[in-house]
Amino acid sequence: IAIYWGQNGNEGTLTDTCATSNYQFVNIAFLTTFGNGQTPVLNLAGHCNPTGGGCSSLNSAIKACQGRGIKVLLSIGGGRGSYSLSSAADARQVADYLWNNFLGGQSGSRPFGDAVLDGIDFDIEAGSGQFWDELAKSLSGRSQQSKVYLAAAPQCPYPDAHLDGAIKTGLFDYVWVQFYNNAQCHYAGNADNLLKAWNQWTSSQAKQVFLGLPASEAAAPSGGFISAAVLTSQVLPKIKGSAKYGGVMLWSKYYDNGYSAAI
C-alpha cells in the first residue's frame with residue numbers, strides 16, 4: 001500500500017504513519033510550486049513551515065521510515081499547485097533542484113536536512129503534458145549515483161492528459177492510477193469501467209500499476225470510493241492476476257481511519 005501524507009495537519013506525524021506498518025510507500029505531498037523560473041515552494045499544510053529550516057524535524061522521521069524498509073518519495077504537483085516546465089532545459093534545472101535538495105545531491109537549503117528521499121512522485125494535474133518526460137529522464141540519469149525511484153499518479157482515463165509522454169519513457173517504477181473523481185473509469189456500483197481502464201494501464205509502459213483509491217468517501221467528493229469488503233471480494237481478485245499488479249495507493253493518510261488495515 002502506498003499512502004499520501006502531508007496535506008492535513010491533523011493526520012498524525014510521519015513517524016506515526018510509518019509505525020502503523022500498513023504502508024510500503026509514503027508520498028510526502030506536495031512540492032506545489034516549481035519550474036518556469038519560479039522559486040520552488042514546499043507545502044506540507046499544518047505539519048511544518050519549510051522556510052527557515054522549519055521542516056528539519058522530518059529528517060529523523062524520514063530515516064525512521066526508511067529504517068522500516070518503507071520508501072519515502074517527494075510528490076511534486078498536486079491539484080492546486082503552480083507548476084509547469086517551459087523547456088527541456090527547464091526540466092533539467094528542476095531535476096537538479098530535486099537532486100540537490102531532496103535526493104543524493106548537496107545544497108545549503110535542504111528542507112529535510114541530510115535525509116535522502118528514495119524518489120520523486122509525479123502528481124501532475126495541470127498545465128501541458130510537455131517536458132515531463134525530460135524531467136523523468138534527467139532524474140533517472142542520476143541513478144548511477146544512487147537509485148532514484150520514479151512514481152506517477154495519473155488520472156484513470158487512458159492515456160493521461162499530462163503524464164502520457166513521461167510514462168511512455170518506461171522509466172517509472174510505480175504508476176498509481178487515480179481511480180476516483182473520474183466517473184468514466186472509477187467504481188460506481190460495479191467495476192466494469194474500472195477493469196477496462198485497469199487493463200489499458202497494465203498494457204502501458206508502467207513497470208508496476210497500483211489501484212489508486214480514496215481511503216474514505218470524504219476523500220473523493222466526485223466518487224470512486226470502494227468499501228473494503230467489496231474491494232477485497234470483488235475487485236482485487238480480478239486485478240491481482242496481472243503480472244504488473246503492484247498494490248493499492250490511498251489518498252490520503254488523513255482519511256485512512258481503518259481502511260488500509262481492513263484491506
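Visitor: How many residues does helix 3 have, and what distance does helix 3 reach from its first C-alpha to its last?

Guide: Helices (H or I, at least four residues) and strands (E, at least two) are DSSP runs, numbered from the N terminus. The expected span of a helix is 1.5 Å times one less than its number of residues. Helix 3 has 15 residues and reaches 21 Å, close to the 21 Å expected at 1.5 Å a residue. This is a predicted model, in which local features need pLDDT of at least 70 and side-chain atom pairs count only at pLDDT 80 or more, while totals for chains, interfaces and linings use all residues. Residues are numbered from 1 along each chain as its sequence is written, and side-chain values use heavy atoms, with hydrogens and water left out.

Visitor: Which residues of helix 3 are buried, and what do they pack against?

Guide: An α-helix has 3.6 residues a turn, so residues three or four places apart point the same way. Buried means under 20% relative accessible area, exposed over 50%, and partly exposed in between (1.4 Å probe, protein chains only). In helix 3 the buried residues are Asp90, Ala91, Val94, Ala95, Leu98, Trp99, Asn101 and Phe102. They pack against strand 2, strand 3 (41-42), strand 4, strand 6 (119-124) and helix 4, where contact means heavy atoms within 4.5 Å.

Visitor: What covers the buried residues of helix 2?

Guide: The buried residues of helix 2 (residues 58-67) are Leu58, Asn59, Ala61, Ile62 and Cys65. Their cover includes strand 1 (2-5), helix 1 (14-19), strand 2 (25-34) and strand 4 (71-78). Glycine 69 follows helix 2 and has a positive phi, near 85°.

Visitor: How many salt bridges does a search of the whole structure find?

Guide: Side chains of opposite charge can pair when their charged atoms come close. The criterion for a salt bridge is a side-chain nitrogen of Lys or Arg within 4 Å of a carboxyl oxygen of Asp or Glu. The search finds 6. In one of them, glutamate 134 pairs with arginine 92, with the closest N and O atoms 3.8 Å apart. Glutamate 134 lies in helix 4 (residues 132-140) and arginine 92 in helix 3 (residues 88-102), so the pair ties together parts 42 residues apart in sequence.

Visitor: Which residue forms a salt bridge with arginine 142, and is arginine 142 buried or exposed?

Guide: The partner is aspartate 96, with the closest N and O atoms 2.1 Å apart. Arginine 142 lies in the loop between helix 4 and strand 7 (149-152) and aspartate 96 in helix 3, so this pair ties together parts 46 residues apart in sequence. Arginine 142 counts as buried, at 16% relative accessibility, whereas aspartate 96 is partly exposed at 33%.
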